[in-house]
Amino acid sequence: MNRIEKFRVKFVEELPYEPENGTLYISMEHCMALHLCPCGCGHKIYIQFHPSLWKMKYDGHVSIYPSIGNFDLPCRSHYFITSDTVEWVIDDMTDKAKHKRQRCKWPHFFSVSRGLKKLFK
């Protein structure tokens, strides 16, 4: 797979089992998004929208914040999605992400996320 710089956005009721590379799926019904890692490694990335986790802005284009850090994956990709575009973060946020995870108000999210990955494989 190739590295993605811009997503095609599809609003769906249910997230697909086999997402297409370069497509960002948004399910407002489930308050979740799904895409394949834009680095090209092929891992599925699930985003759960919640005020203390991630938020989405839609103005004809999708922006998701804060950044998405896939520090548990071999690729360790870190990026923002702004106006459907991938903005890569080049500094190493691994230590900060681990520290944030330890202090997270929603520690169950990380175990739920791993469970969702198994569910949608």
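**Fold, surface and cysteines of the predicted model**

From the N terminus onward, the elements of the protein follow the order β-β-β-β-β-β-β-β-α-α. This corresponds to two helices and eight strands, where helices (H or I, at least four residues) and strands (E, at least two) are DSSP runs numbered from the N terminus. The model is predicted, so local features need pLDDT of at least 70 and side-chain atom pairs count only at pLDDT 80 or more, while totals for chains, interfaces and linings use all residues. Residues are numbered from 1 along each chain as its sequence is written, and side-chain values use heavy atoms, with hydrogens and water left out.

Of the 121 residues in the protein, 39% are buried, that is, under 20% relative accessible area with a 1.4 Å probe and protein chains only; exposed means over 50%, and partly exposed lies in between. The accessible surface amounts to about 7400 Å², and 55% of this area belongs to carbon and sulfur atoms; areas come from the Shrake-Rupley method with a 1.4 Å probe.

The loop between β2 (23-27) and β3 (32-36) holds Met28. Together with Phe11 and Tyr58, Met28 makes a nonpolar surface patch of about 350 Å². Such patches consist of residues with over 30% relative accessible area and no salt bridge, nonpolar side chains being joined within 5 Å; a salt bridge is a side-chain nitrogen of Lys or Arg within 4 Å of a carboxyl oxygen of Asp or Glu.

With a disulfide defined as a pair of cysteine sulfur atoms within 2.5 Å, the count is zero. Cys39 is in no disulfide, and the nearest cysteine sulfur, that of Cys41, lies 3.6 Å away. Cys39 is partly exposed because its relative accessibility is 26%.

Note on methods:
Patch = residues over 30% accessible without salt bridge, like charges linked within 9 Å, V, L, I, M, F, W, Y side chains within 5 Å.
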